[in-house]
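Hello,

Here is the structure I promised to pass on to you. Please open it alongside this email and follow along as you read.

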Amino acid sequence: MRGQRLPRCAGRFPRVCFGCLAAAGTAPGGVQLAMFEALQQGLTSALRVISGKARLTEANMREGLALVQKSLLEADVSIEVVRDFMARITEQAVGERVLKSLNPSQQVIGIVYRELVNLMGPVDHSLHLRGDVSTIMLCGLQGSGKTTTCAKLGRLIQERGRRPLLVAADLQRPAAIEQLQILGRQLDIPVYVEPGATDPVVVCQHAVHHARTTGCQVVLLDTAGRLHIDPELMEQLKRIDRRLNPDQVYLVVDGMTGQDAVNSARAFNDALELDGVIMTKLDGDARGGAALSVKAVTGVPIKFIGTGEHLDALEEFHPDRMAGRILGHGDVLTLVEQAQRKLDQEELRAQEERLRKGEFTLDDFRKQLQQITRMGSIKKLLSMIPGMSGLLEGMGDVDAEQDLRRLFGIIDAMTPAERRNPSQVIDASRRRRIAAGAGVDPAEVSALVKQFDGMADLMRRMAGQGLRERMQTIQQMQRSGMLQPGGRIAKVKGDTGRRLTSAEKARLRKLREKELRRLKRRNRGEG
């Protein structure tokens with residue numbers, strides 16, 4: 001049941017999630033944001049009403065579209081934006097061409113997807129950096145995450161081969177200067193500071209001159225913020241804009257403030273003619289309407305999104321990918337990009353080679369999961385895999401990270417021999433010892449061992465497959481029910497060609513028992 005935590009003794013559902021993530025994430029070279037979960041669930045339910053009709057008429061099409069409109073309003077999307085959005089969708093969806101098509105529900109989903117993309121885009125991802133010194137000005141209200149975003153953007157520019165300079169131009173808040181210096185040291189990026197300065201315009205001018213003399217190529221201005229928009233703040237920002245004529249002006253807004261973020265964007269754009277918006281805290285639990293409204297209301301696109309507190313949690317905003325996430329279609333491209341950026345490619349290639357040889361142990365499984373967790377929360381990663389939105393709904397309030405720590409505890413409590421061949425080595429007494437060492441119930445150890453047998457077979461079958469083929473395999477498992485609560489990955493049985501006689505079964509059983517005794521004697525010496 002959704003929202004109900006699964007019994008610990010079941011020990012199945014979380015393990016299946018981790019196995020799928022490990023399988024998807026081991027392609028060499030190869031994130032749903034919390035904010036959009038409610039919107040995704042609402043839109044998915046509304047579109048499910050349309051697709052569940054045996055025959056679509058204009059009446060029940062309008063009924064389904066009314067639920068789409070309700071979902072958007074509940075997500076705090078601007079009323080004017082919702083009206084225009086729904087007018088465009090309705091005009092296309094209730095036409096004779098859609099209603100009489102072979103698959104009208106899929107046509108409607110396609111229309112909603114295209115209009116979502118148009119609503120949030122297009123987006124020019126270029127920073128328009130020049131050969132000489134380029135200047136990027138960041139502005140925003142206090143609490144929006146402007147100073148941290150300045151450092152994150154500097155890190156992104158540094159990754160692209162340019163040398164940035166962070167400028168502490170927020171002279172109203174001494175803590176902002178100190179914060180920027182700390183972040184600069186963490187990232188090994190120089191920070192320009194003028195102790196005792198009172199005029200931010202002069203500080204910014206001196207910073208550009210300093211960049212030219214020190215070889216820095218991109219100057220990032222962290223300007224002052226206020227608790228609210230006031231004439232003094234706007235006049236100061238206008239002066240900086242007139243004197244320095246920055247190449248790009250970005251507004252940093254807090255996505256959790258809802259329509260206030262849209263109103264701030266409108267006011268700042270009227271004063272400065274913004275080139276883009278950076279929306280922060282999209283990993284929070286706000287409703288997400290601001291992200292859908294800001295482009296339509298201001299004409300200024302969202303260029304980057306902040307997806308966490310870490311300094312690498314800044315991503316380019318892609319309307320097509322975000323629309324796919326909102327509709328539950330996943331986001332494989334972003335998943336691949338994050339894997340290339342955050343995972344140890346050498347380690348992945350080594351694991352892939354072991355899989356090709358048919359080798360897969362609990363040690364390998366643990367290493368893969370440790371790699372995967374560098375990319376973000378389990379739920380976020382699952383949301384990027386197409387077809388997994390139903391699985392996310394089934395997870396409810398399950399704490400996947402806590403279950404992952406328990407799983408690591410079980411594996412760490414095993415001897416090397418037990419981790420190499422758990423199904424053959426771990427008997428009842430070893431199971432009790434492992435459970436005591438990990439602080440779990442013996443049933444959880446048994447569940448892990450049973451799951452690992454099927455999981456190891458799955459990983460070997462996926463060896464050599466690309467990310468697309470692995471995603472298809474995982475989606476097939478999801479459709480077959482293996483990824484639902486209580487489901488279990490089963491080991492594929494080979495075809496023997498004929499049924500064994502009773503005598504042959506007895507002989508094979510004796511051989512297995514003999515081999516098991518031999519393994520126990522050998523491992524007793526090793527363990």
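Below is what turned up, going from the whole chain to single residues.

Please keep in mind that this is a predicted model. The protein chain holds 25 helices and 8 strands. Of its 527 residues, 51% count as buried. Its accessible surface comes to about 24200 Å², and carbon and sulfur atoms account for 48% of that.

Let's start with the sheet. The 8 strands make an open sheet with mixed pairing, and their order across it is β3-β2-β4-β1-β5-β6-β7-β8. The edges are taken by β3 (191-192) and β8 (314-316); each has a single partner strand, so one side of each has no neighbour in the sheet. Helix α9 (residues 200-214) packs on this sheet and touches β1, β2 (164-169), β3 and β4. The direction of α9 makes about 165° with that of β2.

If you look at β1 (residues 134-139), you will see that it runs parallel to β4 (residues 218-223), with 5 bridges joining the two. Within this pair, T135 stands opposite V219 in β4. Another helix, α11 (residues 259-272), lies across β1 and β5 (248-254), and runs at about 160° to β5.

Is T280 buried or exposed? Its relative accessibility is 6%, and because buried means under 20%, T280 counts as buried. Leaving aside residues up to four places away in sequence, T280 touches S144, T149, V252, V253, D254, G255 and G306.

Next comes helix α12 (residues 289-298). Here 8 of the 10 residues are buried, so the helix is largely enclosed by the rest of the structure. The buried ones are G289, A290, A291, L292, S293, V294, K295 and T298. Just after α12 comes G299, with a positive phi of about 80°.

Which residues make the nonpolar patch of about 240 Å²? They are L500, L508 and L511. Of these, L508 is found in helix α25 (residues 502-526). The relative accessibility of L508 is 36%, so this leucine counts as partly exposed.

Happy browsing, and do write back with any questions.

Best wishes

Terms used
Residues are numbered from 1 along each chain as its sequence is written. This is a predicted model: local features need pLDDT of at least 70, side-chain atom pairs count only at pLDDT 80 or more; totals for chains, interfaces and linings use all residues. Side-chain values use heavy atoms; hydrogens and water are left out. Two strands pair if DSSP finds at least two bridges between them. Helices (H or I, at least four residues) and strands (E, at least two) are DSSP runs, numbered from the N terminus. Contact means heavy atoms within 4.5 Å. Axes are lines fitted to C-alpha atoms, for helices over the stretch in contact, and angles run from 0 to 180 degrees between N-to-C directions. Buried means under 20% relative accessible area, exposed over 50%, partly exposed in between (1.4 Å probe, protein chains only). Patches are made of residues with over 30% relative accessible area and no salt bridge: like charges are joined within 9 Å, nonpolar side chains (Val, Leu, Ile, Met, Phe, Trp, Tyr) within 5 Å. Accessible areas come from the Shrake-Rupley method with a 1.4 Å probe; for residues, only the protein chains shown count as cover. A salt bridge is a side-chain nitrogen of Lys or Arg within 4 Å of a carboxyl oxygen of Asp or Glu.
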